[in-house]
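Me: I would like to learn how to read salt bridges and overall chain shape from a model. Could you take me through it step by step?

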Amino acid sequence: MENVLLTIVTFLPLAGATLLLAIRKDNLKAIRLLALSTATATFLLSLPLFFHFEASTPGMQFEQLVTWIPSIGVNYHVGIDGISLFLVLLTTFLTPITILSSWNSIDRRVKEYFIFLLLLETGMLGVFVALDLFLFYVFWEVMLVPMYFLIGVWGGERRIYAAVKFFLYTMTGSVLMLVAIIALYFFNGGTTFDYLTILSNVQTGKLILTVTEQSWLFLAFFIAFAIKVPLFPFHTWLPDAHVEAPTAGSVILAGVLLKMGTYGMVRFCLPLFSEATLEWTPWINGLAVVGIIYGALVAMVQTDIKRLVAYSSVSHLGFVVLGIFAVNQQGMEGAIYQMLNHGISTGALFLIVGMIYDRRHTRLIQEFGGLATSLPVFSTFFMIVTLSSIGLPLLNGFVGEFLVLLGAFKANVTYTVFATSGIILSAVYMLWMYQRVVFGEVTNERNKGLPDLSLREKFILVPMTLLIIWMGVYSQTFLRKMDSSVSQLLSRFQSTAVVLKK
Amino acid sequence: MLMDNLQSLRYFYPELTLIVAMLVVVIVDISFNRLRNVLNPLLTIAALLIAAYFTAYVNHGQEANLFLGMLALDSFAQFFKLFLLLAALLVVLGSLHSEELLQVHQGEFFALLLAVTLGMLLMANSINLAILYLSLELVSLTSYIMVGYLKGDRLSNEASLKYILFGAISTGSMLYGFSLIYGMTGSLNLYTIRDAFLSQGVQGFDQFTILLALVLTLAGFGFKTAAVPFHFWCPDVYAGAPTPVTAFLSVAPKAAGFAILVRFLFSGMTQTSGSEWGLVNGINWPLVLIGISVLTMTLGNIAALTQNNLKRMLAYSSIAHAGYILMGSVVLTGEGLKSMLIYMFVYLFMNLGAFLVVTIIYNSDRSFEIGDYHGMFKRAPFLTFAMGVFMLSLTGIPPFAGFLGKLYVFLAVIEKGLFWFAVVGTLNAAVAAFYYMRVIKAMVLEEGNGKTAPLHVSFLNQALLVALLIPNLILVVFWNPIERWTASSVKLFSGL
C-alpha cells in the first residue's frame, strides 16, 4: 500500500481551512478552536514521521507516488529524508504555537486570518515533502499568496508596502527558477519532472551538463533560494516584511519560510549541479560572510526590537549558507541544525516581542527598561531565548554554530575567521538590547504594573524553551537521524564533481 | 476529401443554426414586444448549444474540405468552434444582468452576437483567402456596432469610430497582401499557395513582393489579435465598449485571429518534414514572431502598470496575454501549437471571470476605477474571492489554471532552446504580478471608502462566477482530458 501519511499531514491544514469556511465569521471561539485543533492534529500526526523514521536509511522514506500529468511526466511524488524530516516537524510544531500566539492579538477578520495561516502551513509542508520539481514549484508559489495576505491585512502601518515588496521579490526569483526547472527537464530528455529520477541520472552519468549549462541552472535556482533566505544583497525585503507582519507572520516567516531557501540549496543546488557549486562557492561564501557581519552591525544600531531581531536573521542565515557551502559533514549538519535553531530561537524572540507589544503597543527599546522587576517570569524566558540566539553552550544555538564553524574552518580558514566575529557581534547586540529592555531602573512609568505572562503565553513559551534546552544538551536525538542522509548527499556530491572533472 | 456545395451542407449545421437563430431573433424582436426580452436570450443560448452539439458530436472526427475547398472540417477547427461557442455562451449569460446593456434596447444585441460568432466560426475553418477575408470582415463589422452599442455614451461611440478606422486600414492592407499573394501564386487556396511556393522555390519570386505581401497580411492578423504594433485601438475600444462586449472581444475574436494566423503560417507557409516544420519562405519567421511576441507582452504589461481604470488595465493585460500566446507560434512545433490552444482555453475562464466581476461591480457602483474597489472584501466577500482567483490565475500563480497555460508555452519554447525568450516571458509575468496584485490589494488590503452596504450579486451572476471559478481551481488536478483534447486538435499540423 502506498504510504499516505505525508499526504495526510500536508493536506490536513488545507482541509481545516476548508472547514473554517463553513463557520460563521462572528463565531470567534469556534474559529480559533478549529484552527488550533487542526494544527495540533497535524503536529500529532507528524510525530510518527519522527518515531518511525529509519535513521540508517539515507534515502527517501514515507514515499508516495501517484501519476498526475503523464504526457509531460508530472507525478505527485512526496517523501522525506533526514534533511526534510526536521523541517516538516519544525513547521508542524510552530504552526499551533503561532495560532496560540494570535489568539487575542488578532481581532480583525479572524476567520480569514486562520484560513490563510492554515493554507500557508500546507504550502510550507508541501515544499519540504515534494519530490517532483513541478509539484515543488506549485507549493513554492502557493505559499506566497497566504503570506502576502498575512502581512498585507494584519500587519503594521506600512504593511501594504511590505506585502507588495515581499510578493514581487519572491515572485521574480521563482519565475526564473521555473525556467531553470523546465530547462533541466529538457536536458534530462523531457520525460519526467521527478527529482529522484533526475538525481539518479546525474549520479549515473546519464545526464551530463557542461559547466556553463550547470552554472546557468545553478544560478537560476540559487537566486530564487537566495532571495528567500535572504542572502545579502537580496535581503532588503526581509526587514520590511518582518517588522510589518503580525507576530504569527513573523514567526512563520523567520521560523519556516526562510528555511525554504536554504533547504532548496541543500536539496537542489548541491546534488544536481555539483560542478557549478564548486565554481560559485567562493562567491557565495563571501556573500554569506558579508551578510553575517552586515546583518549583525545593522542589528546593533536598531531602535526597534523587532527590526533588530529581523536583521539578526540575516546574520544567522549567513551562517547556515556558510555551513551548506562548506560541503562537508559537519558544515552541512551544522547548517541544518542551525536552520532548526533559528526557527525556534528567532521564532521565540518574535513571540516575546509580540508579547511586550501586546502590553505596551510599542517595540522601541528606549521605551523599556527594568522589565525584570515587573515581569520576572517573562524576563527569565526572554533571557533563555536571548542566550540561545547568541549560542551559549548547552543551549541549541551553540551546537549549530559550532558545527558550522568547524565545517567552514575545514573548507576555508579566512572566511571562518570573519564569520566568527559575527558571533561576537551577535552577543553584543543581543545582550545590549536585553540589558536596555530588562535591567536597570524602571524609567518609564507605564512599564510599572504590567501583567506578567498569562497561562496561554506560558503554554507558548514552555515548549519552545524545552526544545531549546533539549537541542542544546542532547543534540544526538536530532543529529543521528540526519547523519546518513547528509553523508549520502555529500558522497554523491563528491562523486559527481569527480565524474565531471574527468 | 473535396466536397461540393450540396454534400457540404450536412457538415455546415453549426453555422446554419446560427444563421437561422439570428434571423429568428430579429423577427421575435419586432413582433413580440412583451416577450422579446425573455425569448431572445433563450433563443440565443439554445442556438449556441445546438451549434455546439453539432460541432462536438455530429461533425466529430470528420475530415473534409467543404464547399469545393473553401472551408476545412478538421479537429483544429472543431477545437476553435467549441471554444468560440463556449465564449459566446458565457458572454450571453454574463450580459443578461449587465446594467450597461439593460439601459438600451437588447434585441439586436443578441442578433449581432450570433452574427459575430458565425463570422468567427467561419474564420476558424477557412482555408481560402477570400473566405478568410469575408469572415474576418463579418466579425469586424459586427464588432464595430457592438462596441458602439451604448448609443448615448460618448466613450462608446468614440471607441467604435476608432475601431472602424483602425479596422478598415488593417483589413484593407491585409486584403492588399492577399492580392499580392494571389498575383504571385495564382490561387487563394492556402494549400495551393504553399505548393506554388514549394514547386517554384522562394527564389522564383520577387523577394520584395513576398516580404510586402506577408507584412501586409500580418497586419490584418495582428489587428485581430491585438498584437503590437497593431494594438493601438485596443485600450480605447475595450474601455469604451459595454463591459460584456469587451469581455467577448478580449477572448473570442482574439482566438479566431490566432486560428487564422496558425492556419496561414502552418498550412500556407510551411511544409512538414518529419515532425519538424520547414518554412517555405526565405524570411526568418521565428525571429519576426519572437520580436512581435516580446514587444506585445512587454508593452502590454508595462502600459498596464499605470492604469487606474480596471477595464483599461485588463485591455492592456489582454495585449500582454496575446504576446504569451504568440510565444507558442514561434517554435512552429506541434507542442507549440498545443500550448497556444491550452493557453487560450485557460485564458477564456480567467479573463471572462475578471470581466464578469467588473460588470457586477459596475452594476451597483457605476465605476471602473480601481480606487473605488477599496474595501470590497467587506461588501462582497465571495466576489472578492473570485476576483482574487482570477487575478492570480492571470498572473500565472499555481495551482490556478493560468499557470498551466504559461507552463506549456514555456515548455514549448525551452524545448527549442530559446532560453532567453522564456526568461523574457517569465520576467514579464513578474511585472504583470504587480498590477494584478494591485487589484487584489485594493479589494482586500485597503480599507473601505465609506461604502458599507453589501454589494448585490444576482443569482445568475453568482452561478456564472462559480462556473468560471471551477475550471480555474480544479483544472490543475484534472488536467489530462484538456491535454488529450488539445493534443488531438493539433494532430493535423504535427502530422502524428
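**Surface, fold and charge pairs**

Reply: Start with the surface. This is a predicted model. Chain B has an accessible surface of about 16,800 Å², and 68% of that belongs to carbon and sulfur atoms.

Me: What secondary structure does chain B have?

Reply: Chain B holds 22 helices and 4 strands. Its radius of gyration is 22 Å, close to the 23 Å from the globule rule for 496 residues, so chain B is as compact as a globular protein of that length. The C-alpha trace spans about 70 × 55 × 40 Å along its principal axes.

Me: How many of the residues of chain B count as buried?

Reply: Of the 496 residues, 65% are buried. Then look at contacts. Among those in chain B with a separation of 6 or more, 80% join residues 24 or more positions apart.

Me: Now the charges. Why can side chains pair at all?

Reply: Opposite charges can pair when the charged atoms of the side chains come close. Here the count over all chains is 24 salt bridges.

Me: Which residue forms a salt bridge with D81(A)?

Reply: R267(A) does, with the closest N and O atoms 2.9 Å apart.

Me: Is D81(A) buried or exposed?

Reply: Buried: the cut-off is under 20% relative accessible area, and D81(A) has 5%. R267(A) is buried too, at 3%.

Me: Where do K338(B) and E483(B) lie?

Reply: Their side chains meet in a salt bridge of 2.6 Å, N to O. K338(B) lies in helix α15 (residues 334-365) and E483(B) in helix α21 (residues 480-489) of chain B, so the pair ties together parts 145 residues apart in sequence. K338(B) is buried at 6%. E483(B) is buried at 4%.

Me: Which residues do salt bridges with shared partners join into one network?

Reply: R154(B), E158(B), K162(B), D236(B) and R312(B). Take one pair from it. D236(B) and R312(B) form a salt bridge, with the closest N and O atoms 3.0 Å apart. D236(B) is in helix α11 (residues 233-240) and R312(B) in helix α14 (residues 310-330) of chain B, so parts 76 residues apart in sequence are tied together. D236(B) is partly exposed, at 23%. R312(B) is also partly exposed, at 23%.

Me: How far apart are the mean positions of the positive and negative charges of chain B?

Reply: They are 4 Å apart, for 24 positive and 23 negative charges.

Note on methods
Residues are numbered from 1 along each chain as its sequence is written. Chains are lettered from A and ligands numbered from 1 in the order in which they are written. Side-chain values use heavy atoms; hydrogens and water are left out. A salt bridge is a side-chain nitrogen of Lys or Arg within 4 Å of a carboxyl oxygen of Asp or Glu. Buried means under 20% relative accessible area, exposed over 50%, partly exposed in between (1.4 Å probe, protein chains only). Helices (H or I, at least four residues) and strands (E, at least two) are DSSP runs, numbered from the N terminus. The radius of gyration is taken over C-alpha atoms; the globule rule is 2.2 Å times the number of residues to the power 0.38. Contact means heavy atoms within 4.5 Å. Accessible areas come from the Shrake-Rupley method with a 1.4 Å probe; for residues, only the protein chains shown count as cover. Lys and Arg count as positive and Asp and Glu as negative; His and the chain ends are not counted. The place of a charge is taken as NZ of Lys, CZ of Arg, CG of Asp or CD of Glu.
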